[in-house]
Amino acid sequence: MKIFKNLTRRDVIFIFLMIITILSDVYFELKMPEFTSKLATSVQSGTAIMQEVLDNGLKMLGCALCSTLSSVLTFIFVSFISNNFEKNLRSKVFNKVVNYSDTEINKFSVASLITRTTNDIAMTNMLLGMGLQLLVKAPVMAVSAILKISNADIKWTYATISVVAVIVLTIIITALIAMPRFNIIQKLTDKLNNITRENISGVRVIRAFNAQNYQRNKFEKNNDDIYKNHVFTGKVTGLIMPVMTIGINGLTLAIYFIGAMIINSYTGTNMILERAATIGNMTAFTSYVMQVIMSFMLLSATFLFMPRVAVSIKRINEVLDQDISLNSGDLKENGVKGEIEFKDVDFSYNAKENDVLNDISFKANKGETIAIIGATGSGKTSLVNLIPRFYDVNKGKVLVDGIDVRDYDLVSLRDKISFAFQKAALFKGSVIDNITYGSEDVDVDRVNKALDIAKVDFIDDLNFEIAQGATNLSGGQKQRLSIARALYKQSEILIFDDTFSALDYKTDMLVRKGIKENFEDTTVIIVAQRIGTIKNADKIIVLDEGRIVGIGKHEELLKDCAVYKEIALSQLNKEEL
Amino acid sequence: MPPMGRRLPNDPDAKMDVGSLIKLLRFVKPFIVPIIIIVLCSLLSTIPSIIGPSKISELMNIITAGVKNVEGVDMNAFMKVCIYLLSIYVIGALITYLQQWVSVDTSQGIGKLLRTTLNDKITKLPLKYFDSNTKGDIISRFTNDVDTISQTLSSTIATLLRSIVIFVGVIVMMFSVNVTLSLISIACSLVGFIMMFTLSKKARKYFYKRQTNLGEINGHIEEVFTNHHVVKSFNGEDEAIDIFNKKNEELYNNSLKANLIMGVSRPFMAFSGNLAYAAIFIIGVSMILSGSNNMNYGTIISFTMYARLFSQPLGNFAQSMTSILQASAAGKRVFEVLEESEMEEENNKQIVIDNCKGDVSFKDVRFGYSEDKEIIHGFTGSFKAGQKVAIVGPTGAGKTTIVNLLMRFYEINSGSISIDGKNIQDMKRENVRDLFDMILQDTWLFEGTIRENLVYNQENVSDEKLNEVCKAVGLRHFIKSLPKGYDTLLDDSLALSEGQKQQLTIARAMIKNSPLLILDEATSSVDTRTELIIQKAMDELTKGRTSFIIAHRLSTIKNADIIMVLNNGDIIETGNHEELLEKKGFYAELYNSQFEVVA
């Protein structure tokens, strides 16, 4: 429940005000039947006069008005509280996650963080939006209504208790039976989505294998399961309505029956007055009883809903309570150099797992081009991820411009580095917004220059809108835009993590040529698969299973490094080398 | 408690689509009998609601009559009415449950049938359809739209009819008892209803805006979290937070407005109920006092019940209209899919190729994905059995298009493609596809065991065969290291590398073992050394098979028998690697780019 620490002072004041308005709402709502009761008594005893009727009637209307106003105020307070709470909580979680390092993000997984920031927060809003008010109002209403009828005849109370028990039990039992099935339905629906996604994304493969029937059987089995579970839950929960109507109507009959018995039991001199009073009580009692039943029904619904909210709250708290493992240093150094040095670096993603990188040492001087090559899984990406400090090393040091990356203020460290990623990720928005991403100034000439070097020849309009997930661009197009974005940043270090594999040989060459010509003083690190891409690098680092097995120029490595030679020969023949 | 339905509020300006509704009604024809039962039940179940209050009034009068009577209440008369009422309540409840029972069967049956029909439709749609529609959109038609239809259709029809009957029934009952009180009850209910209606119409605008805002902010969250490396390395955190805050504030404002309006409208609806209650009491009692002979205490009680009943159908009408609007919109989206033109039926095509040799020839093939834009302009070429054919060229040159045509994923505009001299146009699509093994760059694996993925739709595949193939593609060791071997479930918990996925799809194709082979960038996500191992295995298998290979890593295709260089849909060069290099044309330039010294 510590999630409520996130309520602001205003929220807390509003909660108190809300409790007051709820109390007044309940008070006036329960006051009304008293006047009907008086009216009924006086009518039945034959003592009523017009003045009294009008008097009581106006009081009744007054109560109705007061109760309405109170409940309007309650809704207003609840709206402010729940929306404000949701806004602040969402913002808190988002801010927290934005500051997570990779270690934390991997711990939760991106998908889970997204659901926690969206669905789970929406869930807590429901708790406050409806739950909070119900949690206050339902018990208050139930208790006060019970108090109101407690001095009435005990037989009425017995009848009421048994009907309330039957209804509440029905709700709880059916919910308990149906609830697990709802979870199953949720899972089956996810699975149905998956199969459909499979059918669409794999349409070529499925047709190539003539496997339409195979897929159909899978789909139909799932479809049938969904159908059966829906039908089951529908038939179980369908019991609630009829039981409720019989309960409420039956209770009315029972109250009248008991009332008639009570009336018959008065035979003395005050007979008429006593009997008339009974009718009055009976009318009031019927109204109160409805309030009691409603309160209990709402309460049981709220309590059934609570466990789900509790799960969401727990998930949100986990995000907020997570310690951030990577703390920014405070060195704000801006001297542009571009030196990178790895000193005896060991690294693993998880303390329990084997090292991904082992004993890595090398140095890149200002203006040099360093290439990293190796089989898939040899640790190339892990290595370059250490430079902008996405992760911390287990052992050794990564130095940029002679200073340990852990001593830098993260912002100024990352200002020194431009990164183009293996998976080109663009944002929803215009081309120019994407190219100038993260920069404060927008220089159209520089944008055009960056686009030109990255061979982005398919965009005519800098305001061209890129869709979410850049679905309106092809893989190669995305990659070129992501290169242009890295170039626009003009940092002292440029890192290309397997960025060139998606380009054809010629474009690859032209882009590298452009970079060489325009970024002479920039230190460039290229991770690549193709020998052609890296052949001319000042230094080539050959990685194999997380270790450096060769370091040097192309010609040297061909002579000395077996792994490099093997890679090279898999692509080119002896003469070409 | 049903799961929290998160149905999207309708666009406030949405119009009813009558055409889709008619189609929907036609679709549910097989369910006509249960629907009639539902309608009958829902009509019958109104009886207790309509005549209940008047019987209660009778009951009340029996009791009040006993006040001044020394004998007290006439218990015999009381019990008679009581038992009568109790029995219609019980029968009513049973009918309600029967209706519920049939409704669930029907609505879920409709949902199931819709999904089956949609799924079957998907297998008959040409590939073109999938190029122009996003996955997410098609999936949401399968789930959200079908759910909307199945949930609203049968229940809405029942509710609507029930509401009409109650509406009419209550008016008749009320007026037959007392005109003055009837007019008062109706007036009070109408005041509340009109207020609620105007307010909720206003609120709907904000609910719709809120939903749009929510979609935007969730999109932003997804983007920032997924691309967190980009955000971090470009120091984009502040910008991300700024955008977030702006969207969050907007969401807050619209959500607050929507809630506030709804917050005002609900209590006022309740107020109109209380107003009716008070008015009925005041006027009823004063009528009794003035000695009106058709007014008594029982009537007052029954009117308070009728007044409450009367506001129900009014609310239901509005709700039903919204539901029908939603169902018509969902129906439109579902029928859009169902009415898409299908691929041509091929039952009369008899030609089959047994013992395929593998001669393939293209004659003057012309094709375009859309009619106005031709991509392949008269492609001609013939390939002998057993040849290894490579297709290279820049992106957009039409490489994948050629193999798509070969497998009849698309139908050519003119010309012909034949295998062993037989026009593939004259064969059934599935018979053509049976001739090919195809491996694509996008590795497609499904959630299931490794065995299911490998054996995919083939019969009688022994473990020996699996072992042999997995060894050939270099997977044997990896699969052996898994505790459950071939029965390991492929899901997110088993983090396969792109290369391993590719090896699996290659193994799958090898198991199918067809006479012709297509590799569309099949090995581009595998590093070149692993590629070499796979290629060796492939070579073993491709011996004597005609194969078509697309790759932009030229090392992959250097040893092909024929290399076709494509640009803008035309073959601009053909020959083997050496011949093309000597030509010093497009291919030579492309190939030599990798040796160019960039300095």
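Predicted model: local features only at pLDDT ≥ 70, side-chain atom pairs only at ≥ 80, totals over all residues.
Let us begin with chain A as a whole. Its secondary structure consists of 19 helices and twelve strands. The C-alpha atoms of chain A occupy a box of roughly 125 × 60 × 50 Å along the principal axes. The radius of gyration tells a related story: chain A has 37 Å, whereas a compact globule of 577 residues would have a value near 25 Å. As for the interior, 45% of the 577 residues in chain A are buried. If you look at the contacts in chain A with a separation of 6 or more, you will find that 80% of them involve residues 24 or more positions apart.

Now move over to chain B, where the assignment gives three domains. Domain 1 is built from two segments, 15–176 and 313–343. Domain 2 spans 179–293, and domain 3 covers 360–595.

How do domain 1 and domain 2 of chain B meet, and how many residues of each are in contact? On the domain 1 side there are four residues, and they touch six residues of domain 2. Helix 6 (135–177) and helix 10 (297–338) of chain B each contribute at least two residues to the domain 1 side of this meeting place. The centres of domain 1 and domain 2 of chain B, taken over C-alpha atoms, are 25 Å apart.

Two asparagines in chain B are worth a visit for their backbone angles. Start with B:Asn235, which sits in the loop between helix 8 (228–233) and helix 9 (237–289) of chain B. Phi of B:Asn235 is positive, near 50 degrees, in a residue that is not glycine. Is B:Asn235 buried, exposed or partly exposed? B:Asn235 counts as partly exposed because it has 19 C-beta neighbours inside 10 Å, and a buried residue would need 20 or more.

The other asparagine, B:Asn355, is found in the loop between helix 10 and strand 1 (360–367) of chain B. B:Asn355 also has a positive phi without being glycine, with a value near 45 degrees.

How values were computed:
Residues numbered from 1 in each chain as written. Chains lettered and ligands numbered in written order. Domains from an automatic or database assignment. Contact = placed C-beta atoms within 7 Å. Helix = DSSP H or I, 4+ residues; strand = E, 2+ residues; numbered from the N terminus. Rg over C-alpha atoms; globule rule 2.2 N^0.38 Å. Buried ≥ 20, exposed ≤ 12 C-beta atoms within 10 Å, placed from the backbone.
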